[in-house]
Amino acid sequence: MFAAERRQLILEMVRANGAVSLRELARVVQTSEVTVRRDVRALEAEGLLDRRHGGAVLPGGFTRESGFPQKSHLSTAEKTAIADLAAGLVGEGEAIVVGAGTTTQELARRLARVPGLTVVTNSLLVAQALAHANRVEVVMTGGTLRGSNYALVGSGAEQSLQGLRVSRAFLSGSGLTAERGLSTSNMLSASVDRALVQAAAEVVVLADHTKLGSDTMFQTVPTELITRLVTDEPPVHDERAATELQALADQGVEITVAGPDTESSGGESGAGHRPRRDMPLPGQRRTQPGGHSGLGPPQLRSAAALAEQGPGERARVADLRRR
């Protein structure tokens, strides 16, 4: 197939589906992902499509957001590796918040084996992944259902998070840059994510390399509030992702990179077997001792119950944030 024929077929697939992964494009046009990536770049230069999240989308992706069916087929191997490493950060008896997204859904599947865990979430997909975990308590926010990503948003979701205090927030998004931090394409989702950040002593961002250097409309987490980024190894040719990783580390974000052979083990017990690379790059800040809220095994029946912490605990968490 000639290059012009490949590119025409790529355009037709993107126009028909809204978003298509590089892997799927390579399968259909019967060539390598490297060749498809080159075709996508050429089409992007002509303004015919945009590159996003390991694939291609219709032009105007800066203001659009792919639905769950499209996102669930993009960068699946990378999301799995990231979720494996992120699960190793969660210990027995912790209380955490987990935002909406396909990567956080993968994380939730691995948290089912962590005993005594309490997960507060606005994501129906995260809750579903943990629904049958008898040692994990799931707390749903209120709010209005946003069907495109199966998340609860709006004032109800934000109000149910007021006063909440947990050890960590695990969030994903549409783009991540050192300049603006984590961002998303939807205003309502961004507002809820900001409320989740306010509830946590530490913020862990889960983002595959295709999101590095991408910027979208609404900022959710400024760079200075991101404690750690868990990502995958960028391809050698992806200079943009490598440059962004360096810039994030220079601003003090701790970066953990999943190796290509990361194994699924689910939970903390297998962390020693996961290939990983922590990047102690220039300017990197270190987590303060006791950098989480230390709530211990939670006794929680609603989001409001976690908010009932004494003034001393609230002051300590606030002090941790200032550090």
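**A guided conversation**

Guide: The protein chain has 12 helices and 16 strands, where helices (H or I, at least four residues) and strands (E, at least two) are DSSP runs numbered from the N terminus. This is a predicted model, in which local features need pLDDT of at least 70, side-chain atom pairs count only at pLDDT 80 or more, and totals for chains, interfaces and linings use all residues. Residues are numbered from 1 along each chain as its sequence is written, and side-chain values use heavy atoms, with hydrogens and water left out.

Visitor: What share of the residues is buried?
Guide: Of the 323 residues in the protein chain, 54% are buried. Buried means under 20% relative accessible area, exposed over 50%, and partly exposed in between (1.4 Å probe, protein chains only).

Visitor: And which residues of strand E4 point which way?
Guide: In strand E4 (residues 95–98), Ala95 and Val97 point one way, while Ile96 and Val98 point the other way; all are buried. In a regular strand the side chains alternate between the two faces of the sheet.

Visitor: Is the pairing of E4 with E5 parallel or antiparallel?
Guide: E4 pairs with strand E5 (residues 117–121) in the parallel sense, over four bridges; two strands pair if DSSP finds at least two bridges between them. Ala95 stands opposite Thr118 in E5.

Visitor: How does the chain cross from E4 to E5?
Guide: The chain passes through helix H6 (residues 102–111), and this β-α-β crossover is right-handed. That term applies if, with the strands pointing away from the viewer, the path from the first strand over the helix to the second runs clockwise.

Visitor: What about E4 and E9?
Guide: E4 and strand E9 (residues 166–171) run parallel and are joined by three bridges. The bridge partner of Val98 in E9 is Phe170.

Visitor: Changing topic: in which order do the three strands of the open sheet come?
Guide: The order is E10-E11-E13, with antiparallel pairing. Strand E10 (175–177) and strand E13 (218–221) are at the edges with a single partner strand each, so one side of each has no neighbour in the sheet. Neighbouring strands of this sheet are turned by 35° against each other on average, direction ignored.

Visitor: Which residue stands opposite Thr184?
Guide: Phe218 in E13 does. Strand E11 (residues 181–184) pairs with E13 in the antiparallel sense over three bridges.

Terms used:
Axes are lines fitted to C-alpha atoms, for helices over the stretch in contact, and angles run from 0 to 180 degrees between N-to-C directions.
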